[in-house]
Amino acid sequence: MPQGGEASSTTRTTAVFVAFAGLLGVALGVHLGSQPGALYMQGSSVAVGQTTKPVVDSGRWSVAPAMSRMPRAAAASVEQEAQRGMEYDNLVMQLPRESSNVETMTLLGLGGLVTAAMAVLYRFMNQNKKQVAMDLQPVDWAMATTAGEDVQAGGIPGIAPRPAGYSHDVTKGYQLEEVSRPRRNRRSPVIRSFMRETSMTPANFIAPFFIHDDDFDEEISAMPGCYRLCAASVMREVAEHVAVGVRTFILFPKIPDELKTPDGRQCYDENDIVMRTIKMIKAAHPDVIICTDVALDPYNSDGHDGIVDMNTGEIINDITVEQLCKQAVQQARAGADIVAPSDMQDGRIGAIRDALDNEGFTGVGIMAYTAKYASAFYGPFRTALDSNPSFGDKSTYQMDPANSREALREIELDEAEGADVLMVKPGLPYLDVIAILKQNSSLPIAAYHVSGEYAMIKAAAAAGYIDEEKVALESLLSMRRAGADVILTYYAKQASMWMAEPEGFWQQKLQGKL
């Protein structure tokens, strides 16, 4: 912003320039109007009465040399003719002077118009400069405070005062040419709120519960804040989740080793812990939604999601599906609202749908693990359930982490076989796959924020590397943005509480108060 002396100097210079331009216009008019000879040319003629006479410069009209050599009568005649010519000259010379007066007045008027135009232009430019100066003044106050003075003057608390005499090393008035400016849609909390494409509420969460038959809770070392819950704690957790808006749950049992078999038959025992827990929750909270895991690995002595051929180590697909159908039907009888096959066996969605319908459970939904990857992020979960494979891994039935287009085939199959919800597991490392499912299916999409993702946030937060609340909420929001309608997360209750705090990060961000 120019200082006062600079502004005054600029004003004076511009005023002198305008005055000079006006005087130049006037002088030009006077000069041109005072030159009558410029208005007519030698050899032209002017009609006066009935006689036409050449119009020439009077300084060139001379007859003396010719008269000395003529007879007296002829000379008298020539003299009379010359006298008459001079009279014509005098008459003609009056006409240009009248015209020149008109031209002079015209050019004087033109000079005045030039002066007025310059004055208007100067006024307009000076007014714009004053406006820019007024607009920039608060910025200068905020940016160029004096050293040792606590001068904020309209600045933002937290912005450090600048040294005395400081100014940015930039070109004054620099501005980009015509440029698209997306920041216009971010400039205030109100604008950001109606531009926001993704929202998240506790209704978007499904809370996983680890359950066991002991009468105490057992903390899971790899998942701080998570426990294997006894029956009483399950009921307490359900009530606490409902209080903060989470009303959907999924159960994962820790089965004692003595109940595990190669065919996992305990999974469809009517007295199994899963069946008892469903009934207990539904008795106290009939309106909540209970999902169940349909898989053999918690019940299988080999730790796999299916029956293992002891000679080849192959997971036998079809007889495994038969066991899964029995398990799903038994869970529906106990009161499950949604069954969630996580085994990744071929054809199991259609078979389970038929089994449920044949038993009259047409209202029980199926949440298919459509794209479940053979991931390294499941470690803490398997520790919680003591369900690690006794040999090999699960790459022969779970998806290769290198693939995404393969998910399109799984979508097509699960939809055709009767799935109601499609799931991607894990969540955060597979946002692209969540987006693929969302773009290629009209069914709701679920994402599983798995144990490894949870454990990493917890460990980094405990070490002071990250802000747990902000990172957890951002991770969940990113899955929503990618296309997940619901998220299975161990942060369900805590995230809901964070989002509800009036002075917390989430609400402050939504209201633009950060």
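User: What volume does the second largest pocket have?

Analyst: In this predicted model, the volume of the second largest pocket comes to about 530 Å³.

User: And which residues are closest to its centre?

Analyst: The second largest pocket is lined by 18 residues, and those closest to its centre are R196, T198, L477, W506 and K509.

User: Which helix gives the largest share of that lining?

Analyst: For the second largest pocket the largest share comes from α13, which contributes six residues to the lining. Helix α13 covers 468-482, and both α13 and α15 (505-510) supply at least two lining residues each.

User: How does the lining of the second largest pocket split by class?

Analyst: The lining of the second largest pocket has seven nonpolar residues, seven charged residues and four polar ones.

User: Staying with α13 for a moment, at what angle do α12 and α13 pack?

Analyst: Helix α12, made of residues 451-462, packs with α13 at an angle of about 155°, and the two axes are 9 Å apart. Angles over 145 degrees count as roughly antiparallel, and α12 and α13 are therefore roughly antiparallel to each other.

User: Is that crossing left-handed or right-handed, and which residues make the contact?

Analyst: The crossing in which α12 passes α13 is right-handed. On the α12 side the contact is made by E453, I457, K458 and A461, while α13 brings E468, V471, A472, S475 and M479. Sorted by class, the residues of this contact of α12 with α13 are five nonpolar, three charged and one polar.

User: Switching to another helix pair, how do α7 and α8 cross?

Analyst: Helix α7 (residues 317-334) and helix α8 (residues 348-358) have axes that come within 9 Å and cross at roughly 40°. That angle makes α7 oblique to α8, and the crossing of the two helices is right-handed.

User: What is the contact of α7 with α8 made of?

Analyst: From α7 the contact takes V321, L324, C325, A328, V329 and A332, and from α8 it takes R348, A351, I352, A355 and L356. By class, the contact of α7 with α8 consists of 10 nonpolar residues and one charged residue, with no polar ones.

User: OK, on to cavities. How many are there of 30 Å³ or more?

Analyst: The count comes to four cavities of 30 Å³ or more, and the largest cavity has a volume of about 100 Å³.

User: What lines the largest cavity?

Analyst: The largest cavity is lined by 14 residues, of which D297, K372, F381, K394 and K425 are the closest to its centre. The elements that give two or more residues to this lining are β11 (365-372) and α9 (379-385). By class, the lining of the largest cavity has seven charged, four nonpolar and three polar residues.

User: K425 again: what is the peptide bond from K425 to P426 like?

Analyst: The peptide bond from K425 to P426 is cis, with omega near -5°. K425 is also one of the residues closest to the centre of the largest cavity.

User: And where does P426 sit?

Analyst: P426 is placed in the loop between β12 (421-425) and α11 (431-440).

Key: Residues are numbered from 1 along each chain as its sequence is written. This is a predicted model: local features need pLDDT of at least 70, side-chain atom pairs count only at pLDDT 80 or more; totals for chains, interfaces and linings use all residues. Side-chain values use heavy atoms; hydrogens and water are left out. On a 1 Å grid over the protein atoms alone, a cavity is a set of points where a 1.4 Å probe fits but cannot get out, and a pocket is an open set with protein on both sides within 12 Å along at least five of seven lines; lining residues have an atom within 4 Å of a point. Grid points are joined across faces, edges and corners, and a volume is the space filled by probe spheres set on the points. Helices (H or I, at least four residues) and strands (E, at least two) are DSSP runs, numbered from the N terminus. Ala, Val, Leu, Ile, Met, Phe, Trp, Tyr, Cys and Pro count as nonpolar, Asp, Glu, Lys and Arg as charged, and the others, Gly among them, as polar. Axes are lines fitted to C-alpha atoms, for helices over the stretch in contact, and angles run from 0 to 180 degrees between N-to-C directions. Angles under 35 degrees count as roughly parallel, over 145 as roughly antiparallel, 65 to 115 as roughly perpendicular and the rest as oblique. A crossing is left-handed if the near helix is turned anticlockwise from the far one by less than a right angle, and right-handed if clockwise. Contact means heavy atoms within 4.5 Å.
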